[in-house]
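Dear colleague,

Please find below the structure I wished to pass on to you. My notes on it follow directly after.

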Amino acid sequence: MSNINGKVYAMNAITPMKPWKTWILRGFFFVLGRVKPLQQDLINLSFIEFARWVVLPRRGFPFLGNGQKREELQYDYLLFFSNFNGTWNQYIDAFSAVLSRGLNLIWRWSEKFPGSVPVTPFKNYIAQVQFDTDYYYTAYPRATANDLKSAHIVQTSLDALSLRAQDYTPAQFAEAYLHFVIQVQAHLGETGDAPVVF
Amino acid sequence: MPNKSGSLYGLTILSPIIDDEKATPSHDLQIRKYLAGLATDDGSPFALAPGTHLARLVVMDDVIYVGMPACEEHLKSKYLVLESNFDGELDDYLGGLADHVPEQLDSIWGHCVAYPGAGNRQAFIDYMKACQIDTTFYFAAINDKSLPETLRALHTRTAVADFIANHQGMEPARLQAEFVQFVAQLRSEPIPGPGTGGIARDIKTGGRNE
């Protein structure tokens, strides 16, 4: 079991849903995918690198023959995979505090979902439906989502300045460089080892 | 398409694991044992093949019973779950895996039902696609940058911070000359490879209370 690699945590959860309810959830995700302002809270939770929800119909499990038995299930299942920075408790706390309405719209169709507020029964539910990761890889183990965003801002600003750097007079360059430093100063810093969590 | 966000692809694969009561240890345990020893740094198969930002492999033993009044039910197979976030298109990515790390793929998926082996590139791609589940909603915090662009940007960020710190108050003509030289040197430097820089964790952790 290895849910952590560097600064990122892999979370897996699976919850059962009555099949008729999955269509409501699919409708919600359809709208969420097309109305970008509805994703703003998710974007603002800037410790999530990647996340996905997968509705797995009860007859949608891969069946390949060759001796495999076909699944016979009553429920559809909602799979949730998240890649986030920080600890499990911080993540669930933030989810509950910032995204409670959105989370309720996603998981209220799952059996026995208690609601995302208050947080204690919500955490108990997540712990119950979570399953552990066996192998976890990240291409940038020392970086958080905010590191990635900042790095791209610095790269873009540097590229813009370097395009004209040689054409400026020293005085013009000094001014452009000052502007560059002001642009990037809040995005500097080093990536590094993740803090050890106890 | 829900599997994509910008230029990123969110791949979800569930491969049924062979259920053979004569196998000792069982195939799911053999997968877990292999994964426990598999490199997670620049020696990872996902680092050796191009394009992967983050990926995980999970043995899903069963669905979870949440208690009454829900019905209790169980899967007839265990499944190996691959969750991957990568650049570009699916066929190219799967083909890249088959080209670069066929031995590792065979060691993992060789315990799955009807796995054809990575030696037959097209059969491997077809098999993985047969096990694919479409993502319903996919979120990528940054969905317009490739892995090489991201690795370069992280390298640049550190170098720029050092440059700024070391050039405070410098006379403009010299600052300009050193900046031009800095940029040229930065562009000529190799980008740190994917998966590098992490620290080895002797004890695999990340439990639910962390």
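I begin with the domains of chain B. In this predicted model, the C-alpha centres of domain 1 of chain B and domain 2 of chain B lie 32 Å apart. The domain assignment places domain 1 of chain B at residues 4–130 and domain 2 of chain B at residues 145–210. Where these two parts meet, 10 residues of domain 1 of chain B are in contact with 9 residues of domain 2 of chain B.

Chain A is likewise assigned a domain 1, covering 4–131, and a domain 2, covering 145–187. The C-alpha centres of domain 1 and domain 2 of chain A are separated by 39 Å. The contact between them involves 7 residues from domain 1 of chain A and 5 residues from domain 2 of chain A.

Turning to the secondary structure, chain A contains 7 helices and 6 strands. Their order along the sequence of chain A is β-β-α-α-β-β-α-α-α-β-β-α-α. The radius of gyration of chain A is 22 Å, whereas the globule rule gives 16 Å for 198 residues; chain A is therefore more spread out than a compact globule. Along the principal axes, the C-alpha atoms of chain A fill a box of roughly 75 × 40 × 35 Å.

Among the contacts in chain A with a separation of 6 or more, 76% are made by residues 24 or more positions apart. Chain A carries 18 positive and 15 negative side chains. The centres of these two sets of charges in chain A lie 13 Å apart.

One residue may be of interest to you individually. S116(A) is located in the loop that lies between helix 4 (100–107) and helix 5 (119–129) of chain A. Is S116(A) buried or exposed? Its relative accessibility is 0%, and S116(A) therefore counts as buried, the cut-off for buried being under 20% relative accessible area. Leaving aside residues up to four places away in sequence, S116(A) touches S96(A), S100(A), L103(A), N104(A) and F122(A). Of these contacts, S100(A) and L103(A) are among the residues numbered within helix 4 (100–107) of chain A, and F122(A) falls within helix 5 (119–129) of chain A.

With kind regards

Key: Residues numbered from 1 in each chain as written. Chains lettered and ligands numbered in written order. Predicted model: local features only at pLDDT ≥ 70, side-chain atom pairs only at ≥ 80, totals over all residues. Heavy atoms only, no water. Helix = DSSP H or I, 4+ residues; strand = E, 2+ residues; numbered from the N terminus. Rg over C-alpha atoms; globule rule 2.2 N^0.38 Å. Contact = heavy atoms within 4.5 Å. Lys, Arg positive; Asp, Glu negative; His and termini not counted. Charge placed at Lys NZ, Arg CZ, Asp CG, Glu CD. Domains from an automatic or database assignment. Buried < 20%, exposed > 50% of the residue type's maximum accessible area, 1.4 Å probe, protein only.
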